[in-house]
Structures are given as structure tokens and as C-alpha cells.
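Here is a short briefing to read alongside your model.

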Amino acid sequence: MKYKNIREEELKNKVGADWFKQFDTTEILGNIDFTVFPKQDSLFGRAPLLWAEAKTGNYDIPTMFVQLILTIGKARTFDKTLPPAFIGAFDFKKIAFVDYINIQDIFYLNDFNWNVTPSNHETKEFQLIKERIESILKTKTYVFDYENDEKILNAFIKSNVAKATTKSKIKIDKNNFIPIYLRWVEIVKPIIDVDWDDLKKANIFDSDFYFADIFVDDKDTQNIEDDLTIRDSLFVVFEKQGYKIAKENIKQMFDATINIRNKDIYLQFWKLYKRPPIKEFQDYIIERKDLLVPQDIRERKGAFFTPRIWVELSQKYLNDYLGENWQDEYYIWDCAGGTGNLLRGLTNKYNIYVSTLDQSDVNVMHERIEHGANLLKNHIFQFDFLNDDFTRLPLSLQDIINDKEKCKKLIIYINPPYAEATSSKTVSGTGENKAGVTTNFKIKEQLNPKIGNASNEIFALFMAVIYEKIQGCILGQFSKLKFVNGSNFRKFKDFFLAEYVSGFVVPAETFDNVKGKFPIGFTIWNTSIKSKINTISADIYDKNGNYSGVKNFYGSLPKSINKWIKVFDDDTKSGLGFMENPAPDFQNNKFLSFTNKIGTRHVNYFSFKSTNLIPGLIYFSVRNSISATWLNDRDQFLFPNERWKTDLEFQNDCLAFALFDGQNRITVVKGANHWIPFTEQEVNAQNRFESNFMTDFINGKIEIESETNLFGSSKKQIVKKEFSAEAIAVFDAGRELWKYYHNQSNVSVNASLYDIRDYFQGRNDKGRMNSKSNDSAYMELINELRNKLNFLADKIKPKIYEYGFLKE
């Protein structure tokens, strides 16, 4: 058999390399085992070609497909990203394909429990899906044996998968016709060959062209002859691959066909959506044509203006939680409204309230109403949410808040300010805490005893006021996630007791004027149900809106890694070097390094000695071997379990990693270098080293406390370090770099890695080390060292989670 006796990950890698090498098979999409995407992006991003289930045994095809369908349905992946052209299933012997369109109706089954474990083949749900799909698979499946059908399989992939387009289109309904319009404005409107100013004078707007587009069928036929209400309501119709003005009193002014400049873009856009809209929603969409406000009113953006893509997505999550009629059944109040950007796409103006700090913002929203915005003037008002008394609210809103049952139907829907009280200057010793950031809010004094340091965050004050004064409401908010996992929010989490419903996280850099790489989340909370924040799971979307999995955020965590490292610290503050112990999350890892002398930042400095070298370098390597990303930026490093103590290979891997990592800032300029990982003979040094401590330590020539002594015994021992293949490869690459350095003239015999980098890379006019050197041989050697170090880091990573330094 072609792929017998291999693990699942290896099977997926081999299938990807052997059959789909012309595609991208590296993208991870939630819990789906295997995905195939085109390598090149299109104007609308990359549409998936295949989602597949992988099994290492010899499985029957229906079972594999059922597990895949349950996986997709449980995560509602089809609703978060474009579905693929095919779904598939493969094991070590065969691979099968089915057109996605043939099974998509399964995902819309009524009263079906998708929350079962997909891999549990004994559930009632598994059997129901299996019964349903078996009849489809009998006539709709393409099955290939890797060995016997090699040529046919290659031909199928080339002729079908490679040329596939997503056949399953997004259906247009009452909840998404506005977001689709907003995308249409960005993509289609610019390619329509017309003078929009002339049309506006005749009261013809871009929304009229959009309606012409959506009320055709997939063959671009105006398929509404039997519906006089719809036909008579259209001012523009689509015909002969262009547009015609149909408004009776002006159509003679625009009798020529209005053309589309780029029909390829037009066709690609409408391949994503099923036209016309779902029949039951057509009348509603026509009636609410007024919701499509012309885009000629300049929006005044606030500090954290919510991008349209995330506004649309947040409203989808509210829709999923509250039902498709939520806008008619619930009241909505944006109490940090700005110019109303967050409310675009909402349909029932009688249920919408907007308050904002500045009267000028109220004026802008009133102007928008004059141009057709779907809001009521008397529901828009100036209100300082954190300072003003609630008796200033409109009486109708007060009535909702004061009625216990009505308040359960009130959604506070906000994107509040994210100002915080500290900056990096605070902890670097060059600044002071910005505790005054929120002192202008009198509510801070009242809430500080209840929520502690969280009162320094404006968004936390909003949350606290909402929780205290609008009890029982639904809260849907954009914010940082530090209120879940931040160390300053322990008291806040004792105060804010609400049930987490759902949410998603996106890169902060997608918001205007936001600096830094961290997640901004949209989370939904039911404050009528009291529950302490523990663990929340949020869907992940990249900057383009592509769904990529689920991220856990933990509200209750063990003690931090900084508590752990203090167990091994030496209070004499003398030794081989010193390591800064910054705040225990990824965003602060940039401060983590070890140097000859104690620094000036207001943190602990760990003192390295032969007796605590291993735990110190484990701390260093655990925190530096995983790169910081926007997603893990606030993840906390933790007090580990006991299992690392007996894993000598892990300990020695961390030793090797730390010696050659770029954050090793030991320099002979600041004092003796006890960290040279080679002997003079190994690197052809031009003289004797001042210190051979590190090679003596590695080779067991220094009596150190044994592993048991680190945890209670007084036993001493001499241990020679045995390194893994990955660690040896790092030493080998480093040795070549040291040799090359010692072959130069005017070098320091006691040079550290940092000194070697400084020698070849030099510094700029500001005294900062350059990122590269003009010496090509050096660049080749340092890049090889970094490459081997990356392989070693990959080996260390699983142990970081296994031993509890991080939680997944």
C-alpha cells in the first residue's frame, strides 16, 4: 500500500506533496484535516478548492465524509468563509471527492444538534448524517486508488480541482443584503461607466444599480416578470450585459445602455452570491431600500473607527445568537456611538438608540439622516456615558432600562475607547504611570474599590457601568481581551459576572490609528446570567476576514513563570550574568535578555550561577523560542508542572538555544565573558580565553547541584551534557561562525556572540546595531545558525505546552 504505517500528519504531508504540489496545502482552517487553496490570490481573496478528512487506517468512505461534515457543521465553517468546490476524504489507500454543492443542504437541517463530537461514530447525529449521505455518495462520488488509478487521479485533479470554482454561493437574505451592498460599492460601482453626479441630480443612486444586479438570476436575466411589485419598484434594470434607466419620467434622458468597464471583475463578484434574493425576503428588501444610504457623506473617523468588515461580522454573530429577527425583537443602544459607524447595516430604526460624547457627532448623524440614513433624530442624543446621570436619557430608553423584562431585550452594542494607563516607558524607568488617563471620569472613584486597577481602562469603565446600571442586558462590544487574561483584572472578574456567548478576534492593526500587534475581540455577554469569566473561546479571522480557527483566552490561570523563576534566584546579585524578568507575556518578551550587569528597568534581575544556570536558561528559552504574534501577544507564561525536572534533553535543548539566541547580550565590553560555548582549539582562537566556564560546565568539569538538589536534596554531582541532534546542529553552525570570526584581524579573543555580530554588522549613526553585514560569508554563516536555531525552537515548543509553561 502506498502510504501504509505512517502517522496522520505524515500522510497529509505526503498526499499534499504527491498530488497537490501545484497548490497551497499548508493553510489550517479550524479542525478540518486538509485544505487545498490556489497559490495565487484573486481580487476577492483565495476561494478554497478542497476541504478533506484524513485517516491513517483503511476507512469506509461514508464514515470519513460524515466526520468531515460534522466537523464543518459544528464550527459553521461554511458560514465564516467561502465553502470549497469539493469536499474529500482519504486514507492510506484511496481518496474520494464530492462536489460541495451536492451536500450543502445538510448544513441547513432544522433541529439538528451540531454540538456532538465528530469523531464519535456512535452518536445519533452521526448515524443520521451517514444515512443521508450514503445515497448521495452512491452516484455523486469520485473515488481513486493511489496506485491503480494514478493517471486518472492526476487527470481529475488537473481537469476538475485545478479549474474548480466555488459552486455554492452565498444566499442573499434580509440580514446580509446591506453588507453585500457595501462590498458591491467597493468592487462593482467603480467599474460602471456612468457619471454619478448626473444621476444623482435625477435622484438615481448607486443603490438602484445594486438592486438591478441582485434581482436577476444567475444567467443575468431580469427574472421578475411575474412580480409586478418588484418590477415597478426598480429605477434601473439589468439587460444586455449593461444597465438601463427604467424610471419613467427620466428614462428618456438616459436612453443608452450604461456599460460595465471590466466584465471579468463583475462576473467574479457575482459568482460569490446566489441571485435573486431568497423569495421570502424579496418584498422586505424592496421595502427597505431606504437603508442603502448614498456614500457621499464624509465620515468623521474616531480613534478606533470600526472597519466595515468587522461591523458586518459582529452583526452576523449577533444574528447567530439572537435569531434572524433579532433587529425587530431587540432594542439596540450604542452608548459610544461617534458618528454611528457601528450601526450601518441595522434595519429597524425604531429600535435603535445612539449616544455620543460630542454634539458635533450628533450633528453629523442628523445630516446623515437628511441623506437617507436609517436612524431617528430623537433617538440620537449627546450623552456622557461615564459621567452623566441616566435620568437625562430619552424617556423611552429609560423605560426599557427600568423594566426588568424589557432590559433583557436591550443590546448594548459598542466599540468604546481603548486608552490605557501605562506605556512601555513606565516599566523602562523613563516615565510614570498614566494613572490620570481616566481620572476625568467621576465614575472611576466609585468603581475603583470594586474593580481595582481595571478602572484605569476606559473600556473597563464602560463594561462596569453597563453591568451595574443596565442589569440583565446583552453586551456586544469590541475591546482588548485583557479583561479576560490580564493580571490587573482579577478584581474586575470578581465584579463582572456574566455568561459568555460567543465572539471573534482580529488583528488590531486593521483598526484605524491603532498601533501594535495584538488582538481586538468582539464578544457577546448575557449579563442576566451570573457566571465568572473563566475560559472563553473566540473564532480567529485574519486581516482579510478569512477564518482560521479558534483561540482560547483564560481568565483563571496558575501562578506566573516569574513566580517560578524566583524559586531559583540568588539574592546576592552577583554571578555569571543577569537576566531581566519582564512581565510574563509575549508583548514583553522584547525586554527579555541576559547581560553582564543588572539593568535599570523596574523589574527583577535573575542572577546566573552554576547552581541555577539550567532553570534560568529554561526560563529564557521557553519565552524566546515561540515568536510573538498579534494573536498570542497577551498570552501568559505560567508556573510549570513538575515533569520538566526529569527531561534532561529538554533542559539541554534550552541551554543550547539560549547560548546562540540573539537576545544573549553578553559582551566582553561590559565584563568577563563566561558564556563562550567552545574551546580555543575548536575555533582556532588566537590566544587563550579568559574564561572556559561554559565548556567546562557542558563537559561536566564543574561540580553542580544535581537535578534532585534543585528541588530539595543537597547532593552534588558532575554531569556531562548530552545534546539532541537539533542542538548539535546549532553548535556545529555556531562553531563555524566563531572560526570565521577568529580568522579575522583585530578581533577580541574573548568575544561573545553579541560581539561577533557587532564586529561584522557595525552600527548606524544612532549607535544601533545594523541588521545585516556587507560580508557575504558572515551573512551565510549567521543565517545558517539562525536556521538551525529555528529547528531547535520547533523541537522545544511542544514541551512548553506539555510542561505547562503555556496553555493552548
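Helices and strands here are DSSP runs, a helix having at least four residues and a strand at least two, and they are numbered from the N terminus. With that numbering, P276 falls in the loop between β9 (273-274) and α11 (282-287). Please keep in mind that this is a predicted model. The protein chain has 29 helices and 23 strands, and 55% of its 808 residues count as buried.

**Overall picture**

- Take the contacts in the protein chain between residues at least 6 apart in sequence: 68% of them join residues at least 24 apart.

**The nonpolar cores**

- In soluble globular proteins, nonpolar side chains tend to be buried together.
- In this model, the largest nonpolar core holds 67 residues, and W675 and F805 have the most contacts inside it.
- Eight named elements each give two or more residues to this core: α22 (561-566), β21 (604-608), α23 (613-624), α24 (648-660), α26 (693-698), α27 (725-742), α28 (753-761) and α29 (776-802).
- Helix α29 supplies the largest share of the core, with 9 residues.
- What does W675 touch, leaving aside its neighbours within four places in sequence? The contacts of W675 are L576, F594, F608, L613, L617, L659, I666 and M694.
- A second, separate core has 63 residues, among them I87, Y100, I136 and L342.

**A helix on the inside**

- Helix α6 (residues 177-187) is largely enclosed by the rest of the structure, because 8 of its 11 residues are buried.
- The buried residues of α6 are F177, I178, P179, I180, Y181, L182, W184 and V185.

**How α27 packs against α29**

- The axes of α27 and α29 come within 9 Å and cross at roughly 160°. Angles over 145 degrees count as roughly antiparallel, so α27 and α29 are roughly antiparallel to each other.
- The crossing of these two helices, α27 and α29, is left-handed.
- On the α27 side, the contact is made by E726, A727, A729, V730, A733, G734, E736, L737 and Y740. On the α29 side, their partners are A777, Y778, L781, I782, E784, L785, K788, L789, F791, L792 and K795.
- By class, the residues of this contact between α27 and α29 are 14 nonpolar, 1 polar and 5 charged.

**How α27 packs against α28**

- Here the axes of α27 and α28 come within 11 Å and cross at roughly 55°, and the two helices are therefore oblique to each other.
- The crossing of α27 and α28 is left-handed.
- L737, W738, Y740 and Y741 of α27 meet L753, I756, Y759 and F760 of α28.
- What classes of residue make up the contact of α27 with α28? The contact has 8 nonpolar residues, no polar ones and no charged ones.

- K720 is found in the loop between β23 (716-717) and α27.
- Is K720 buried or exposed? K720 counts as exposed, because its relative accessibility is 52% and the cut-off for exposed is over 50%.
- Although K720 and K701 are 19 residues apart along the chain, their C-alpha atoms are separated by 7.7 Å.
- Apart from neighbours within four places in sequence, K720 is in contact with I698, N699 and G700.
- T77 is part of helix α3 (residues 77-80), and T77 is buried, with a relative accessible area of 2%.
- Not counting residues up to four places away in sequence, T77 touches L29, I32, W51, T71, I72 and Y547.

**Backbone features to check**

- Most residues other than glycine have a negative phi, and most peptide bonds are trans.
- The peptide bond from R275 to P276 is cis, with omega near -10°.
- N684 is not a glycine, yet has a positive phi of about 55°. N684 sits in the loop between α25 (680-683) and α26, and is exposed, with a relative accessible area of 53%.
- N746 is not a glycine either, and its phi is positive at about 55°. The loop between α27 and α28 holds N746, which counts as exposed at 75% relative accessibility.

Terms used
Residues numbered from 1 in each chain as written. Predicted model: local features only at pLDDT ≥ 70, side-chain atom pairs only at ≥ 80, totals over all residues. Heavy atoms only, no water. Core = buried A, V, L, I, M, F, W, Y, C linked by side-chain atoms within 4.5 Å. Buried < 20%, exposed > 50% of the residue type's maximum accessible area, 1.4 Å probe, protein only. Contact = heavy atoms within 4.5 Å. Axes fitted to C-alpha atoms, helices over the stretch in contact; angles between N-to-C directions. Parallel < 35°, antiparallel > 145°, perpendicular 65-115°, else oblique. Left-handed = near helix turned anticlockwise from the far one by under 90°. Nonpolar A, V, L, I, M, F, W, Y, C, P; charged D, E, K, R; others polar.
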